[in-house]
Amino acid sequence: MTTSDTATVPSRREQNKSATRRAIADAALAMLCSRGAGNFTVEDIAEEAGVSRRTFFNYFPSLEAALASVTEGFLDHALEQFRLRPSDEPILDSARAALTALADPMTVSPMAELFSLTHDNRALVRSELEAWDHCTTQIIDAARLRLGPDVDELYLRALAGSIISCGKAAMSVWFEQHGPDLSPESLASLRQHLIDAIGLLGSGFMAPAPQSPASRGTPPATDPQHSA
């Protein structure tokens with residue numbers, strides 16, 4: 001049985017709201033790419049997205065928040081895949097499988113592009129960190145739903161924080177290796193780093209043996225809470 005058995009189809013109104021939010025986020029990223037940080041306004045983003053200034057603020061409190069939502073979008077997509085996993089599957093197995101299910105390396109492209117463009121901008125980096133914090137809360141909620149209301153709160157928070165820290169580490173290592181390169185090969189490397197980071201967490205951070213590219217994709221390690 002999977003958690004998708006209880007999933008509901010979004011209403012037309014919810015779909016429209018999601019599309020508008022995504023259009024604003026895409027416009028913010030497009031402005032950042034074409035003009036650079038600090039060289040565009042909320043009004044510019046709204047015009048690019050084809051919405052009013054008022055509509056912009058109905059969805060985002062600031063320009064920085066609109067950009068941060070690019071990262072939130074990828075993380076939310078990964079969580080959607082997590083919720084589709086079998087309810088009796090160990091948490092970390094599900095997390096790794098969720099990332100593996102995002103098979104197209106281009107799914108990480110917007111997040112990678114934003115990271116490349118904002119890594120040296122203090123204000124935008126702060127907003128991106130808030131996006132990761134948003135995902136931490138989402139992971140806690142998803143894990144609580146999976147494990148039940150009586151699950152230990154320390155376990156939930158430590159688990160979510162560890163997963164997020166692994167994601168940040170994967171992003172940092174990828175950028176050090178590839179810089180602003182957003183080729184399919186580079187994005188595939190980022191996706192694999194994300195998967196491998198969760199694998200390290202699942203193994204208890206045992207020192208990995210040297211691997212050839214062909215040896216990647218071994219079965220994920222068992223979630224410590226479920227292997228006891």
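## Close-up views of a helical chain

**Figure 1. Gly 36 marks the end of helix α1.** Just after α1, Gly 36 has a positive phi of about 85°. The model shown here is predicted. Helix α1 covers residues 12-35, 24 residues in total. From its first C-alpha to its last, α1 reaches 34 Å. That is close to the 34 Å expected at 1.5 Å a residue.

**Figure 2. The buried residues of α1 face several other helices.** Ile 24, Ala 25, Ala 27, Ala 28, Leu 29, Met 31 and Leu 32 are the buried residues of this helix, α1. They pack against α2 (42-49), α3 (53-59), α4, α6 and α7.

**Figure 3. The whole chain is built from helices.** The chain has 10 helices and zero strands. From the N terminus on, its elements read α-α-α-α-α-α-α-α-α-α. Of its 228 residues, 40% count as buried. Consider the contacts in the chain with a separation of 6 or more: residues 24 or more positions apart account for 70% of them. The chain exposes about 12,300 Å². Carbon and sulfur atoms supply 54% of that area.

**Figure 4. The largest nonpolar core has 40 residues.** Phe 74, Leu 99, Ile 139, Leu 159, Ile 163, Leu 190 and Leu 194 have the most contacts inside this core. The elements giving it two or more residues are α4 (63-83), α5 (91-101), α6 (109-118), α7 (122-147), α8 (153-178) and α9. Helix α8 gives the largest share, 11 residues. Now look at Ile 163. Leaving aside neighbours within four places in sequence, Ile 163 is in contact with Leu 92, Ile 139, Ile 198 and Leu 201. A second, separate core has 19 residues. Among them are Ala 25, Leu 32, Ala 49 and Val 70.

**Figure 5. Helix α9 is largely enclosed by the rest of the structure.** The reason is that 15 of its 19 residues are buried. At 1.5 Å a residue, α9 should span 27 Å. Gly 204 follows α9 and has a positive phi, near 75°.

**Figure 6. Ser 186 sits in helix α9.** This helix covers residues 184-202. Ser 186 has a relative accessible area of 1%, so it counts as buried. Not counting residues up to four places away in sequence, Ser 186 touches Trp 174, His 178 and Asp 181.

**Figure 7. Ser 116 lies in helix α6.** With a relative accessible area of 11%, Ser 116 is buried, because buried means under 20%. The side chain of Ser 116 reaches the backbone oxygen of Ala 112 at 2.9 Å. Beyond its neighbours within four places in sequence, Ser 116 is in contact with Trp 174, Phe 175, Gly 179, Pro 180 and Leu 182.

**Figure 8. Two cysteines, Cys 135 and Cys 166, are buried.** Cys 135 has a relative accessible area of 3%. Cys 166 is at 7% relative accessibility. Both values fall under the 20% cut-off for buried, so both residues count as buried. A search of the whole structure finds zero disulfides.

Technical notes. Residues are numbered from 1 along each chain as its sequence is written. This is a predicted model: local features need pLDDT of at least 70, side-chain atom pairs count only at pLDDT 80 or more; totals for chains, interfaces and linings use all residues. Side-chain values use heavy atoms; hydrogens and water are left out. Helices (H or I, at least four residues) and strands (E, at least two) are DSSP runs, numbered from the N terminus. Buried means under 20% relative accessible area, exposed over 50%, partly exposed in between (1.4 Å probe, protein chains only). Contact means heavy atoms within 4.5 Å. A nonpolar core is a set of buried Ala, Val, Leu, Ile, Met, Phe, Trp, Tyr and Cys residues joined through side-chain atoms within 4.5 Å. The expected span of a helix is 1.5 Å times one less than its number of residues. A disulfide is a pair of cysteine sulfur atoms within 2.5 Å. Accessible areas come from the Shrake-Rupley method with a 1.4 Å probe; for residues, only the protein chains shown count as cover. A polar contact is a pair of N or O atoms within 3.5 Å; within protein, one must be able to donate a hydrogen and the other to accept it, and residues adjacent in sequence count only if both atoms are side-chain atoms.
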